[in-house]
Amino acid sequence: MCKLLKKTLAVCLIGLGLGILLVLLLPVTGWLFIIGVTVVLVGLMWLAC
């Protein structure tokens, strides 16, 4: 149960990060782009462990 919840949260993080990146493909500010990349990476690391 805990593992399933963890994977769901990781997928949500990846989705959120990709959403941020897609919205900001018109790169208005670099820091929001960095936040999006970070969220995706955190989600992928979470999924891996």
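Let's start with Gly 36. Setting aside neighbours within four places in sequence, Gly 36 is in contact with Gly 17, Ile 20 and Leu 21. Contact here means heavy atoms within 4.5 Å.

A word on what we're looking at. This is a predicted model, where local features need pLDDT of at least 70, side-chain atom pairs count only at pLDDT 80 or more, and totals for chains, interfaces and linings use all residues. Residues are numbered from 1 along each chain as its sequence is written, and side-chain values use heavy atoms, with hydrogens and water left out.

Back to Gly 36. It sits in helix α2. Its relative accessible area is 0%, so Gly 36 is buried. Buried means under 20% relative accessible area, exposed means over 50%, and partly exposed is in between, with a 1.4 Å probe and protein chains only. The C-alpha atoms of Gly 36 and Leu 18 are 6.6 Å apart, while the two residues are 18 apart along the chain.

Now the overall fold. The chain has two helices and zero strands. Both kinds of element are DSSP runs, numbered from the N terminus: helices are H or I with at least four residues, strands are E with at least two. Of the 49 residues in the chain, 18% are buried.

Next, helix α1, residues 2-23. Its 22 residues should span 32 Å at 1.5 Å a residue, and the end C-alpha atoms are 31 Å apart, which agrees. The expected span is 1.5 Å times one less than the number of residues.

Which residues of α1 are buried? They are Ala 10, Ile 14, Gly 17 and Leu 21. Seen down the axis of α1, they fall within an arc of 65°, so they line one face of the helix. That arc uses the directions from the helix axis to the C-beta atoms. Why does spacing matter here? An α-helix has 3.6 residues a turn, so residues three or four places apart point the same way. On the other side of α1, Leu 4, Leu 5, Leu 22 and Val 23 are exposed.

Last, the surface. The chain exposes about 3700 Å², and carbon and sulfur atoms supply 86% of that. These areas come from the Shrake-Rupley method with a 1.4 Å probe; for residues, only the protein chains shown count as cover. Val 42 is in helix α2. At 34% relative accessibility, Val 42 counts as partly exposed.
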